[in-house]
Amino acid sequence: MITQSSFPKVSEEVLKTLREKETFLIVGHKNPDGDTLSSTLALKLILEKTGKRAYAFNSGPFLRREVQFLEDRFQNKIPESLIDRKESVLVFVDCSTEDRSGSVIENAKDLYRIIIDHHASSRENSNAYAKYIVPTSPSTTLLIDKIREMLNVELDKEIAYFLYLGLLTDTGFFHFLGEEWGPYSLERASRFLSTGLSAYDIYDYLTDGKSLEEIKKVSRIIEEAKPYFDGRLIIAEETDDIKGERVSDQIYETLLKVENIEACVFIKRKGDSSEIGFRAKKDKNIDVGEIALSLGGGGHTLASGATVELNRTNAKRLVIDIFSRIFKAKDQK
Ligand SMILES: [Mn+2]
């Protein structure tokens, strides 16, 4: 079980860089979620408190309704004036591969860089100078919180808000926390809330305000979802008349509640390619992060995604093929 004292230490190189350099360009992953945006903004505020210059970047697009209110805090291009090889540091947060940061880093490729992340793939996928990677951490904001402690920056309400937001969204409102990280994460959540935040208001803001159209879209996609392997896998798909933008999380959440399910997949069309999202139930011994990695994507054990150059029909065949092997191997054990 993770405790204050067993929490993986921030690497010395990362701390040294944050202490010694002056200008930080912080970048998260494109098509951003709550954790990547909150990690970026919390780190920016923390560094500013230590007297540094820090800037928040994201390639966008800001598709998720619940994070759109943060969009005007980000720039989508790094200005030439900030590209100084001596003093500027590019900091990737919650960004499983450097490519996933998108077009925003195009003119800053040669900058000195560090990575702070909870995606295992960040270990191999970069030539960064320094890394602080804890693949089991429920959110990247918990790592930013640890950096805050190491830099002796006090927790204020605004920093706490972002640290809480990232933890909340990446854990599906604490649902995904297991035995190892649960107590530590909720102890931190308690600290964040004690700055005066309202758990009720934050939850409401993130989950309410959906259009009736959006809810109907979810129900139509679920209506067409099909079970495979006696219901151990359910596949949902976009069709030409139902686009799944912005509703994926609601689809996964609903499908994973079906009895006997072990994993679900949502396939979306992206031009000539297909985007495949995977989710698995805990304790079913299915590592969807590994599946996505083998398809050129990435993610975590229970949640991942990959884009494949196949049409939807063939992407679905591929998924069925992969799971047929997984279930066969599992059943032989
Ligand atoms: Mn994350």
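So, what covers the buried residues of α8? The cover includes α7 (212–224), β7, β8 and β9, with contact taken as C-beta atoms, placed from the backbone, within 7 Å. Helices here are DSSP runs of H or I, at least four residues, and strands are E runs of at least two, numbered from the N terminus. This is a predicted model, so local features need pLDDT of at least 70, side-chain atom pairs count only at pLDDT 80 or more, and totals for chains, interfaces and linings use all residues. Residues are numbered from 1 along each chain as its sequence is written.

Which residues of α8 are buried? They are Ser248, Ile251, Tyr252 and Leu255; buried means that 20 or more other C-beta atoms lie within 10 Å of a residue's own. Looking down the axis of α8, these buried residues fall within an arc of 95 degrees, so they line one face of the helix. That arc is taken over the directions from the helix axis to the C-beta atoms.

Now the sheet: six strands, open, with mixed pairing, in the order β6-β7-β8-β9-β11-β10. Strands pair if DSSP finds at least two bridges between them. β6 (226–228) and β10 (298–299) are at the edges with a single partner strand each, so one side of each has no neighbour in the sheet. Further in, β8 (residues 263–270) and β9 (residues 273–280) run antiparallel, joined by eight bridges. On that pair, Val265 sits opposite Phe278 in β9.

Notes:
A residue is buried if 20 or more other C-beta atoms lie within 10 Å of its own, exposed if 12 or fewer, and partly exposed in between; C-beta atoms are placed from the backbone. Two residues are in contact if their C-beta atoms, placed from the backbone, lie within 7 Å.
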